[in-house]
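Here are some exercises to work through with the model open beside you. Try each task before you read its solution.

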Amino acid sequence: MRDIHVSAIADAVKKLCMEANVSLEPDVLRAFDRALTTERSTAGKQVLTILKENAALAAGQRIPYCQDTGTVVCFVELGQDVHVTGGGLDDAINEGVRQGYKEGYLRASIVKSPFDRVNTGDNTPAVIHVDVVPAATLKIMIMAKGGGCENRSKYTMLTPAAGLPAVKDFIIECVKTAGPDACPPLILGVGAGGTFEKCAILSKKSLFRELGSPNPDPMLDALEKELLERANRLGIGPQGYGGDTTALGIHILTYPCHITSLPVAVTIECHAHRHKEATL
Amino acid sequence: MSVTVGADGIKDVTTPLSDADVESLKAGDRVRISGVMYTARDAAHDRLFPLSEKGERLPIDVKGHIIYYTGPTPAQPGQVVGAIGPTTASRMDKFTPALLKLGLKGTMGKGYRGQPVKDALRQYKAVYFGAIGGAGAVLSRHVKKLEIVAYEDLGTEAIRRLEVDKFPAIVLNDCHGGDLYQDGQKQFAREG
């Protein structure tokens, strides 16, 4: 058994929140560069160039890349040989969010109840997903998930008879309806299979894979490439001003499912793809 | 107060805007906005709307002005404002025609507007500007002064008076029925 104190967890989460919001990961910056080599639209190129400038300014001056500093979505891989000491895991994560958003001058965007709409004032609570894994480490992956794109995320339950063609059409339809509201160029996280809730969680988790990296499953890799090409033929382009770069990547995760079911969830992520991880 | 064309083809827009200023702006025009703008988003509109419905005085004079749909991050010491990019405009569609009727000349955000808003842009002569979503750090450099003028209890959603200098934007919908999203996307669509 390895002891990890809650203060170490809170401290790690705090740093991840502060860092994620000012400094885009290299995979996203490389995707902007790749898009600039293929984008034909003048307005689209201007947008991509400004996004690169924005990333450089945000990291250099430590200003948030986007004013919507998001909901903190936190995936934890908790080693089964780890003993969290000094308090609760969820409390520790939320304490890290609280400190990070205050010290980082990040926006408090969470309301206490979906109905009373009163701001919690410190961007807590995070949305936390925990997997217990055979390890003696605690891995924390966070995403600062913007609201504009999240609001365009979608779920459907297809029939097995409708099959893969219907899955493809649904994903492309999601890109269309997301349009400029979701701040393209987009990144799509797709979860297919499992149950209603399982595929939604997979759709989020898939976004932690390095942008531009191949899917380890060759069939899914080919599917991702096909769908990315289709999405980029829609013409929506950067910010929806028209162009070839509507999406930077499509990531798919699957899970076994019931003989009657074909659930599909699509998380829409904007170009402000703020994700960071740490292992304790 | 004026719209002039710079040597680089970008239009310099100075607030407040007249009907003639609005008429000279066309969908697709790149602009640099200088002067005063007000911020307001969901919660502030929810308070402004009943006042405009009842014909009561609003806490800001919208005549000739631009409302920017944004909720900035807090300013760090020594800064005017933190990141200040646009939020999705369609959430304000329900409220926009009533404000345009009161003389509001511009709104700024991101994303499609509904037909009633586009109709109101024509009817009351106003323009919908787009700022680049997610470019909050770059846009913050164009805000020279910020003052909370109403609904301070709403935090990031309070109404702020901004003084901006050469704030970069693009005309998304003009008062002649022009629509950059439609025109731009049509040019590049290779799949329906």
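The exercises below cover confidence, a sheet, a helix pair and a chain contact.

This is a predicted model, in which local features need pLDDT of at least 70, side-chain atom pairs count only at pLDDT 80 or more, and totals for chains, interfaces and linings use all residues. Residues are numbered from 1 along each chain as its sequence is written, while chains are lettered from A and ligands numbered from 1 in the order in which they are written.

**Exercise 1.** Find the confidence scores of the model and of chain B.

Then turn to pLDDT, the predictor's confidence in each residue, from 0 to 100. For chain B the average is 96, and 99% of the residues score at least 70.

**Exercise 2.** Work out the strand order of the open four-stranded sheet in chain A, and say which strands stand at its edges.

Step one is the terms: strands (E, at least two residues) and helices (H or I, at least four) are DSSP runs, numbered from the N terminus. Two strands pair if DSSP finds at least two bridges between them.

Step two is the order, which reads β4-β2-β5-β10 in chain A, with mixed pairing. β4 (127–133) and β10 (274–279) of chain A each have a single partner strand, so they are the edges, and one side of each lacks a neighbour in the sheet.

Step three looks at one pair: β2 (residues 71–79) of chain A runs parallel to β4(A), with seven bridges between them. One bridge to look up joins A:G79 to A:V133 in β4(A).

**Exercise 3.** Describe how α2 and α3 of chain A pack.

First, take the geometry. Helix α2 (residues 26–38) and helix α3 (residues 42–61) of chain A meet at an angle of about 155°, and their axes are 10 Å apart. Axes are lines fitted to C-alpha atoms, for helices over the stretch in contact, and angles run from 0 to 180 degrees between N-to-C directions.

Next, classify the angle: α2(A) and α3(A) are therefore roughly antiparallel, a label for angles over 145 degrees.

**Exercise 4.** How many residues of chain B are in contact with chain A, and which element gives the largest share?

Contact here means C-beta atoms, placed from the backbone, within 7 Å. By that rule, 35 residues of chain B touch 41 residues of chain A. On the chain B side, α5 (136–140) and α6 (180–188) are the elements that give two or more residues. The largest share, six residues, comes from α6(B).

Notes: Angles under 35 degrees count as roughly parallel, over 145 as roughly antiparallel, 65 to 115 as roughly perpendicular and the rest as oblique. Two residues are in contact if their C-beta atoms, placed from the backbone, lie within 7 Å.
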